[in-house]
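I opened my notebook to follow charged pairs and strand pairing in one model. Here is what I looked up.

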Amino acid sequence: MASTSLVYRSGPTKIDEVELDCSISESHVGEVEVTEHPVEEGADVADHSRPKPDSLTLEGIVSNTPITRAQRKRAISLLGGGAQFESNTTADQKQGVAGYAEAAYAKLRELRESGKLISVVTQIRTYPSMIMTSLTIPRDGKTGDALRFTAVFRRIVVVKNKATKKVVSREPKAQSKSRAGRQT
């Protein structure tokens with residue numbers, strides 16, 4: 001039987017500094033834009049397509065009462081399983097205070113409004129240089145004391161300009177102007 005550790009990493013899903021209690025669904029999208037013009041035979045086909053920036057849609061929950069480390073260990077012993085469910089972070093102590101969901105909501109809104117480049121860590125992949133394009137917060141009677149949200153991210157490709165030196169010729173290529181006087 002194949003091990004899932006080759007595909008999935010252990011650890012929490014994170015949006016910048018906000019650690020999620022639960023990632024309900026993730027939609028990873030990678031697209032390629034292909035030319036609509038005819039391709040000449042013998043031409044390099046790779047020149048007629050270009051990758052679009054990756055996008056990610058993430059539905060998650062952050063609550064004021066997450067599962068603590070002790071509760072996780074108890075669930076592992078009752079349900080069986082390996083140590084991959086155990087958290088190695090100190091977020092268990094930080095998240096247990098009332099108002100963590102509200103603080104996470106404020107942070108997510110700040111990330112969307114600021115347009116700051118962030119890193120998003122999921123079970124499948126870590127995305128650097130992402131920007132949050134949409135944040136949806138559905139509320140109903142089942143939500144309770146938790147923040148349930150859907151966030152959409154798009155990768156921003158950052159390029160660097162390379163500076164070049166200005167080269168000034170020592171010898172003029174053109175002849176200098178000469179005064180010919182008045183012409184009739």
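**Entry 1**

I began with Glu110, which forms a salt bridge with Lys107; their closest N and O atoms are 3.8 Å apart. I kept in mind that this model is predicted. Glu110 and Lys107 are 3 residues apart in helix 3, so about one helical turn separates them. Glu110 is partly exposed, at 44% relative accessible area. Lys107 has 15% relative accessibility, so I noted it as buried, the cut-off being under 20%.

Which other partner does Lys107 have? I found a salt bridge between the side chains of Lys107 and Asp16, 3.8 Å from N to O. Lys107 lies in helix 3 and Asp16 in the loop between strand 1 and strand 2, so this pair ties together parts 91 residues apart in sequence. I then traced the network of salt bridges: it links Asp16, Glu17, Lys107, Glu110 and Lys116.

**Entry 2: a pair between strands**

I turned to Arg50 and Glu33, a salt bridge with its closest N and O atoms 3.3 Å apart. Arg50 sits in strand 5 and Glu33 in strand 4, 17 residues apart. Arg50 is exposed at 52%, while Glu33 is partly exposed at 37%. My search of the whole structure gave 9 salt bridges.

**Entry 3: strand 7 and its partners**

I checked strand 7, residues 118-121. Strand 7 pairs with strand 1 in the antiparallel sense over 2 bridges. Here Ile15 has Val120 as its bridge partner. Strand 7 also runs antiparallel to strand 8, joined by 3 bridges. Val120 stands opposite Tyr127 there. A hairpin of 4 residues connects strand 7 to strand 8.

Key
Residues numbered from 1 in each chain as written. Predicted model: local features only at pLDDT ≥ 70, side-chain atom pairs only at ≥ 80, totals over all residues. Heavy atoms only, no water. Pairing = 2+ DSSP bridges. Salt bridge = Lys/Arg side-chain N within 4 Å of Asp/Glu carboxyl O. Buried < 20%, exposed > 50% of the residue type's maximum accessible area, 1.4 Å probe, protein only.
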